[in-house]
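Please read them with the sequence and the model open beside you.

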Amino acid sequence: MQEEIVSKDQLSKIESIIGAFKSVPGALMPLLHEIQNEMGYIPESTYPSISRELNLSVAEVHGVVTFYHHFRTHRPGKHILQICRAESCQSMGCGELETHVKCSLGVDYHETTSDGEISLEPVYCLGNCALSPAVMMDDQIYGRVNVKRIDEIIESVKEKV
Amino acid sequence: MSYTVFVPRDSSALSMGADKTAQTILAEAASRNLDVKVVRNGSRGMYWLEPLVEVVTSEGRVAYGPVLPGDVASLFDNNFLEGGAHALRLGLTEELSWLKKQERLTFARMGVVDPVSIDDYMSHDGFNGLKNALAMSGADIVKQVTDSGLRGRGGAAFPTGIKWKTVMECQSDQKYIVCNADEGDSGTYSDRMIMEGDPFVLIEGMTIAGVAVGATQGYIYLRSEYPHAMETLNQAIKNAYASNWLGRNIQGSGKTFDLEVRLGAGAYVCGEETSLLESLEGKRGLVRFKPPLPAIEGLFGKPTVVNNVISLATIPIVLDKGADYYKDYGMGRSRGTLPIQLAGNIKQCGLVEKAFGITLRELLYDFGGGSATGRPIRAVQVGGPLGAYLPESQFDTPLDYEKFTEIWAVLGHGGIVAFDDTVDMAKMARYAFEFCAIESCGKCTPCRIGSTRGVEVMDKIISGTDSTRNIELVRDLSDTMLNGSLCALGGMTPYPVLSAINHFPEDFGLVKKEQAA
Ligand SMILES: Cc1cc2nc3c(=O)[nH]c(=O)nc-3n(C[C@H](O)[C@H](O)[C@H](O)COP(=O)(O)O)c2cc1C
Ligand code: SF4
């Protein structure tokens, strides 16, 4: 895996995020969210500053980041496509949908397309179980998704490039 | 003449294009020089009709749906702003039988009001419960909650009043109210609906809890999969502070209550209350040993009420109308109403709030209209991924905590997922183990290792290898998990697994026993 480069600018931004949260009770989770919002993932190079300011060990920070499925340790694609694979969506054929998407994008779950456009992630329930199968592209949620519709959703984000 | 049109902001409505519908209505109104105000309400819960658009007329609100952008021009042509006839016209919303047959107590305002308008909330009985509570002693509030018979709607069905009493009686400089908004169960979305469609009722319920037990700080632990709920909640909290329904000296009462939303990060186990508290403290979501109970040593070691969104959102009506009013609904020891969520392969999916006692069959067919695919419904899973699968022969079971226990099933958070006859129950059993393996916090061996072993054995069964012996293995493994797990993730994964084997043996390469119950 290639070493992730974090620019000076981003580092100073991260320092200010850490500064803003450090006196908040239970600061680590909101802080990690904020860093991921800013960077798209949580670079390992931020662990030392986080651990110093929050009085934790680097191992503890690492432990928390890796415990939660939502936190990413590597830079994702430009867009993130989450397919719900929980029971409700299974009952409406999400299996077919996931096979189709994996095939057409040429990636498995937790992978990014070779053009760096789309990262594919499984998700266990989006709360859209009344309109299964459901997917989420970035922050946009879609219901009653079929093979045709998911192709359109994927195309729509690619066009914007 | 100005017109008011409602287009939901609910995530599920958005998933069917409600934003585009709202924009198209505004654009069309502008091009026709009509004065139209669009209110982004919550969903009425009739999801197969989303985006459901309502207009205010002299007779009441008239519903149209599902309204896609392409339908908007013709709706204007047919004078829908005054309730005109159209193929999508459904009638007066309040008269729609799907809604009319319900008993909406917790969801009384759902879809009716502008979710972030304090004025709207107050003109629909909002804050009546808190006003009463502010004039009562903590002990009297707790007594009302206990007398109402309300049991936790997050899954464990523990009496809410008893939990509050424990926290109230603890001596401490700091106590907390924590709302469990992790809603991880597949097939459930009632918490999300409240947070997106009537967030003030949750804020009011949490404030009442704070006043009752003497807690001044609340946290809503919200799953990260719900960005829209986050936005609406934060707006509502801001508005509540601005009008002094949160913060210091609430409405001159001398009481203080502060409230903040904290995001989870995609871990199912963090819905378990002690794992949730660890996460709120900024740690890995490892389940804690009990005792101590969170009510005694909870968040940051302080006495803490942890309640589900629906439990807390039900408090205002109890304090407004009284314990007896609420208790009058229901059956046996299951008092009040349950917001039931129909999900999966059902034609008319949505939120049905009914008194306990309604049967699965009524829900699946009278409300749900049967399967979405038109094939027979073969199995339903009630109560999320840790709930049992039930066959048709059990569809007459009334929704009641104890009746479900009798058939080795659970109501959980009230989600019902239906499957048609194309389902392979062996695959569903495999998935139950797989889900447990993915989400296990790793603290106990039966859950951490057993679930992965379960997947392997299920693979053998699915490929037809030595079914009888391997099913015995699954049963042994399930026994170990049932008895040797610290929390219900490992401890209840055997529910979906064993119920699938027992009720649908033919899917596991076994011969179906005739007339098996
Ligand atoms: C694995 C697991 C996941 C859970 N997920 C949730 C959840 O998402 N929401 C919830 O309210 N309760 C959940 N619970 C139940 C909580 O531990 C706890 O009982 C509940 O928050 C108490 O609130 P109530 O009494 O109002 O139901 C979960 C329990 C377990 C074991
Ligand atoms: S049963 Fe599983 S999730 Fe629950 S405490 Fe044990 S290892 Fe953790």
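This is a predicted model: local features need pLDDT of at least 70, side-chain atom pairs count only at pLDDT 80 or more; totals for chains, interfaces and linings use all residues.

1. Where in chain B is the place of Asn244(B)? Asn244(B) sits in the loop that runs between helix H11 (227-242) and strand S8 (258-263) of chain B.

2. Glu50(B) and Pro51(B) are joined by a cis peptide bond, with omega at about -5°, and Pro51(B) belongs to the loop between strand S2 (35-39) and strand S3 (53-57) of chain B. A cis peptide bond also joins Lys290(B) to Pro291(B), where omega is again about -5°; Pro291(B) is found in the loop that lies between helix H12 (273-280) and strand S9 (304-308) of chain B.

3. The C-alpha atoms of chain A fill a box of roughly 50 × 30 × 25 Å, taken along the principal axes.

4. Glu152(A) pairs with Lys148(A), and their closest N and O atoms are 3.3 Å apart. Both residues lie in this helix, four residues apart, which is about one turn of the helix. Over all chains, a search of the whole structure finds 40 salt bridges.

5. How many residues of chain A are in contact with chain B? The count is 37 residues of chain A, which are in contact with 60 residues of chain B. The area buried between the two chains is about 3600 Å², and carbon and sulfur atoms give 59% of that area. Phe67(A), Glu87(A) and Tyr124(A) supply 19% of the area that chain A buries against chain B, more than any other three residues.

6. The rule finds one salt bridge across the interface of chain A and chain B, in which the side chains of Arg85(A) and Glu434(B) meet at 3.1 Å, N to O. Between the two chains, 24 residue pairs are in polar contact, with both residues at pLDDT 80 or more. On the side of chain A that touches chain B, the elements that give two or more residues are helix H2 (28-39), helix H4 (58-67), helix H5 (87-91) and strand S5 (140-142) of chain A. The residues of that side divide into 21 nonpolar, 11 polar and five charged.

7. My last point concerns ligand 1, which is surrounded by 19 residues, the closest being Gly154(B), Asn180(B), Asn307(B), Asn308(B) and Ser311(B). A polar side-chain atom of Ser311(B) lies 2.6 Å from an oxygen atom of ligand 1, and an N or O atom in the side chain of Asn307(B) is 2.8 Å from an oxygen atom of the ligand. With Glu273(B) it is a backbone N or O atom that lies 3.0 Å from an oxygen atom of ligand 1. On its own, ligand 1 has 610 Å² of accessible area, of which the protein covers 91%.

Terms used
Residues are numbered from 1 along each chain as its sequence is written. Chains are lettered from A and ligands numbered from 1 in the order in which they are written. Side-chain values use heavy atoms; hydrogens and water are left out. Contact means heavy atoms within 4.5 Å. Buried area is the accessible area (1.4 Å probe) that two parts lose on being put together, summed over both. A salt bridge is a side-chain nitrogen of Lys or Arg within 4 Å of a carboxyl oxygen of Asp or Glu. A polar contact is a pair of N or O atoms within 3.5 Å; within protein, one must be able to donate a hydrogen and the other to accept it, and residues adjacent in sequence count only if both atoms are side-chain atoms. Ala, Val, Leu, Ile, Met, Phe, Trp, Tyr, Cys and Pro count as nonpolar, Asp, Glu, Lys and Arg as charged, and the others, Gly among them, as polar. A residue is near a molecule or strand if one of its heavy atoms lies within 4 Å of it. Accessible areas come from the Shrake-Rupley method with a 1.4 Å probe; for residues, only the protein chains shown count as cover.
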